[in-house]
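Visitor: I would like to learn how to read a model like this one. Where do we begin?

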Amino acid sequence: MPMPIMSRLKLYYDLMSQPSRAVVMFCKLANIPYQDHPVALRKGEHRSDKYLAEVNPFGLVPAINKDGFRLTESVAILRFLCREYPVADHWYPKDSQAQARVDEYLEWQHANTRLQCAMYFQTKWLIPMMTGEPVNEKRMKNFQAGMERVLDQLETVWLKETPYIAGQTITVADVLAACELEQPTMVAYDVTAGRPRLAAWLERVRTDCQPHYEQVHTMCRRIRDKFGGATEAKL
């Protein structure tokens, strides 16, 4: 649970945001106390003058403030937390090669796992829900193709020889990746279908991160259930 009295770390997030879920879950997993500052994206709180001036000038989540030091971007936040707090070494190893392997995924994921999964979800559900407009089928199919390419690369490259993305133990790379892959499941897309390594990895990460994993994904599960569950056939 957050510890708002003892902590000097303020964490701004919305659990509908994949990177927010990753940072919140990591803080819980690593026993990093933080002050709880939820931001309601659906209400536009991230675009308020106060938020832009005092928290994140880019109007995004997550963001942190530690003793007046403000930081945005989930990857930068995770690396900072691993340096600032006595977290277990496996999350972001000090060994140069092991850390480089984690960094390799963290850099790759921006234009791959992050972009493709997020835009598929937004195009398939979020944008139509917010605008009342029908799904742009051409745009949705383009992002679906990009997402499936990424899922195949996770199966055949990143998880080809190791149980976790960056090696033999769970790292922040796995936390970020798993949170991204939960996004398409909300619109009844099974990211693991036909990908046994990916399926085993995702189940492994979910188990490793309990009970916090399900706690941060409560809203995702509600939306998923509304759309018939992630086990339905691919759209």
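Guide: We begin with a term: contact means heavy atoms within 4.5 Å. Keep in mind that this is a predicted model.

Visitor: Now the whole fold. What pattern does the protein chain follow along the sequence?

Guide: The pattern reads β-α-β-α-β-β-α-α-α-α-α-α-α-α. The radius of gyration is 17 Å, close to the 18 Å that the globule rule gives for 235 residues, so the chain is as compact as a globular protein of that length. In total there are 10 helices and 4 strands. The C-alpha atoms fill a box of roughly 45 × 45 × 30 Å along the principal axes.

Visitor: How should I read contacts against sequence distance?

Guide: Take contacts between residues at least 6 apart in sequence. In this chain, 69% of them join residues at least 24 apart.

Visitor: What share of the residues counts as buried, and what makes up the accessible surface?

Guide: Of the 235 residues, 51% count as buried. The accessible surface comes to about 11500 Å², and 54% of it belongs to carbon and sulfur atoms.

Visitor: How many charged side chains are there, and how far apart do the centres of the two sets lie?

Guide: The chain has 30 positive and 28 negative side chains. The centres of the two sets lie 3 Å apart.

Visitor: Next, backbone geometry. What is the general idea?

Guide: Most residues other than glycine have a negative phi, and most peptide bonds are trans. Look for the exceptions.

Visitor: Which peptide bonds are cis here?

Guide: Pro62 sits in the loop between helix H2 (49-54) and E3. Another runs from Gln210 to Pro211, also with omega near 0 degrees. Pro211 belongs to the loop between helix H8 (196-208) and helix H9 (212-216).

Visitor: And positive phi: where is Asn31, and is it buried or exposed?

Guide: Asn31 is not a glycine, yet its phi is about 60 degrees. Its loop joins H1 and strand E2 (35-38). Exposed means over 50% relative accessible area. Asn31 counts as exposed, at 67% relative accessibility.

Glu73 is another case, with phi near 80 degrees. Glu73 lies in the loop between E4 and H3. With a relative accessible area of 44%, Glu73 is partly exposed.

Visitor: Let me try a residue inside a helix. Is Gln144 buried or exposed?

Guide: Gln144 lies in helix H6 (residues 137-158). At 11% relative accessibility, Gln144 counts as buried. Gln144 and Asp190 are 46 residues apart along the chain, and their C-alpha atoms are separated by 12 Å.

Visitor: Last point: where does pLDDT stay under 50?

Guide: Where pLDDT is low, the predicted coordinates should not be read in detail. Here pLDDT stays under 50 over residues 229-235. The model has 21 contacts beyond four places in sequence for that stretch. Over the chain, pLDDT averages 93, and 93% of the residues score at least 70.

Methods
Residues numbered from 1 in each chain as written. Heavy atoms only, no water. Helix = DSSP H or I, 4+ residues; strand = E, 2+ residues; numbered from the N terminus. Rg over C-alpha atoms; globule rule 2.2 N^0.38 Å. Buried < 20%, exposed > 50% of the residue type's maximum accessible area, 1.4 Å probe, protein only. Areas by Shrake-Rupley, 256 points an atom, 1.4 Å probe, with all protein chains shown as cover. Lys, Arg positive; Asp, Glu negative; His and termini not counted. Charge placed at Lys NZ, Arg CZ, Asp CG, Glu CD. pLDDT = per-residue confidence, 0-100.
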